[in-house]
Each structure stands twice: as C-alpha cells, then as structure tokens.
Amino acid sequence: PNLRILLTPSTGANHVDLDACARRGIKVLSLLDDREGLQTISASAEFTFKLLLDALRKPPARELQGKTVGIVGYGRNGGRVKNWCDEFDAYCCWYDPHQLGRSTPLEALFSESDAVVLTCTLNPETRGMITADLLRSMKPSAALVNTSRGEVIDEAALYQVLAERPDIRFATDVVHGDVEGRGDEARAKLRALGAIVHPHIAGATFDSRTKAARIILQLLKKELGAE
C-alpha cells in the first residue's frame, strides 16, 4: 500500500500490470522516460541487424547489398538499422504512421521487400498487426526479423504460414507468451519450423544493462526530488 513508484530498466512495459498500477496510483517509469539517455543504448538495434544478416545467410545464403529492407516501426532502433543498411548499399523503406516523412503502406512494404524488420512498440494498435495475409504476401525466400514483441504477429497465422512457406527466413528474439511463462513452448514450435530463435537477449549486454541502471537511478532521484 505504500508503493508509489515502479521503475523498469526496459523500453517495453508489457510485463507490468499498468491498469493495476493506475488503480493504485503507482507511477510507472521506464527507459522511454529518458529519451536522451536511451539514445546511448544500441544493443537491441545491433542485435536486430545481426539477426537480419543471420536470416539472409540461411541457405541458400543471400547478401544484404542491393536488397530492399522494410522496417516496421521507424524509431530509435529502426532508424539505426536503416543507417547500417545504407552502409551495405541496401534500400530501406519503412512503415510508421507516427513518423513524419515517406511512410510506406504496410501491405506494399511486406510484398515488395526482400527482408522485413519489426522494431515497433507493442500497443493496442500494433498487437496482432502482422496478419496471415501480410505474411503470405512476402516475396520468395524473404527474411522476417522480429525484435519488437511476439504479440505484434498473429500467433496462429505465424505458425500456419511458416508451415506453408518454409522459404520464409524467420529470425526472432521475442515470442508469444514470454510474459505468461509459455515462451519456451513457442520457441520450440518455431525452431521445429526452421526459424532462428533467441531467448529475448537483444538488449542483454553489459554496456546496455549498466547504462539502463544509471538511467533508472537518475529517474528515481528526479522523482524523489520532485516530491
């Protein structure tokens, strides 16, 4: 009953019952509450780019150079992935209705890209956003990389389309059920379907954890000083 502030050293907060916190007047803070500090952390973006290369190198191996990469969620991580793709002479397009500029329609992005990278935030708008139709529209031997959250993809559709389309090169760090404790089950299913699967470690570097802890500590000090 005395809890006033809850801080999580992560960008996502889907592991926190935000409704329960709101009912009890508990303020929830995450790394998103220090955008400037968050810019100093690149672990997740680096891992996303690694997964993109890993997915393309699944036999028959392909190069990134000259490929079209579609980025869903053009924020901090998506922007960094684009910059690195530029250095590899790959062409990037992106879908993000909240960003100014030339956002590509999601349907066109999926059907025209050689690789699609999911780096969007999980929210009511994006939950289940990647449907069976979008997955089926992907080009032959296209790559799909997810370091967002598993729930941005329709779970039943993902299993079904990967079974139908073994040519799709799926690489992920996140799966359905991570919060509920059934992530191992989902990872086993995806591996059986030929996917590259990691145990949600994109942001788990010594550097990123140290920076995140410092950011959270500063946010806490600021909140306590304001009271």
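The questions below move from the whole chain to single residues.

Colleague: How many helices and strands are there in the protein chain?

Modeller: Please keep in mind that this is a predicted model. Both kinds of element occur in the protein chain, and the count is nine helices and eight strands.

Colleague: What is the radius of gyration of the protein chain, and what does the globule rule give for 227 residues?

Modeller: For 227 residues the globule rule gives 17 Å. The value for the protein chain is close to that, so the chain is as compact as a globular protein of that length. Its C-alpha atoms fill a box of roughly 60 × 35 × 30 Å along the principal axes. The radius of gyration itself is 18 Å.

Colleague: What percentage of the contacts with a separation of 6 or more is accounted for by residues 24 or more positions apart?

Modeller: Contact here means heavy atoms within 4.5 Å. Among the contacts in the protein chain with a separation of 6 or more, those between residues 24 or more positions apart account for 66%.

Colleague: Is Cys-92 buried or exposed?

Modeller: Cys-92 belongs to strand S4, which covers residues 91-95. Leaving aside neighbours within four places in sequence, Cys-92 is in contact with Val-69, Ile-71, Lys-82, Cys-85 and Arg-102. A residue counts as buried under 20% relative accessible area. The relative accessible area of Cys-92 is 3%, so Cys-92 is buried.

Colleague: Which side chain of opposite charge is nearest to Glu-151?

Modeller: Glu-151 sits in the loop between strand S6 (143-146) and helix H7 (155-164). Not counting residues up to four places away in sequence, Glu-151 touches several residues, including Leu-122, Thr-126, Arg-127 and His-176. A salt bridge needs a side-chain nitrogen of Lys or Arg within 4 Å of a carboxyl oxygen of Asp or Glu. Glu-151 is buried yet has no salt bridge, and the nearest side chain of opposite charge, 5.2 Å away, is Arg-127.

Colleague: How many residues apart in sequence are the parts that Glu-164 and Arg-136 tie together?

Modeller: Glu-164 forms a salt bridge with Arg-136, and their closest N and O atoms are 2.9 Å apart. Glu-164 lies in helix H7 and Arg-136 in helix H6 (residues 132-136), so the pair joins parts separated in sequence by 28 residues.

Colleague: Which residue forms a salt bridge with Glu-155?

Modeller: In this salt bridge the closest N and O atoms are 3.2 Å apart, and the partner of Glu-155 is Arg-182. Glu-155 lies in helix H7, while the partner lies in the loop between strand S7 (169-172) and helix H8 (183-192), so the pair ties together parts 27 residues apart in sequence.

Colleague: In the salt bridge of Asp-167 with Arg-165, what is the relative accessible area of Arg-165?

Modeller: The closest N and O atoms of Asp-167 and Arg-165 are 2.8 Å apart. Asp-167 is partly exposed, with a relative accessible area of 26%. Arg-165, by contrast, is buried, with a relative accessible area of 17%.

Colleague: Which residues are linked with Arg-62 in a network of salt bridges?

Modeller: The count of salt bridges comes to 10. Arg-62 takes part in a network of salt bridges, and the residues linked with Arg-62 there are Asp-114 and Lys-139.

Terms used
Residues numbered from 1 in each chain as written. Predicted model: local features only at pLDDT ≥ 70, side-chain atom pairs only at ≥ 80, totals over all residues. Heavy atoms only, no water. Helix = DSSP H or I, 4+ residues; strand = E, 2+ residues; numbered from the N terminus. Rg over C-alpha atoms; globule rule 2.2 N^0.38 Å. Buried < 20%, exposed > 50% of the residue type's maximum accessible area, 1.4 Å probe, protein only. Lys, Arg positive; Asp, Glu negative; His and termini not counted.
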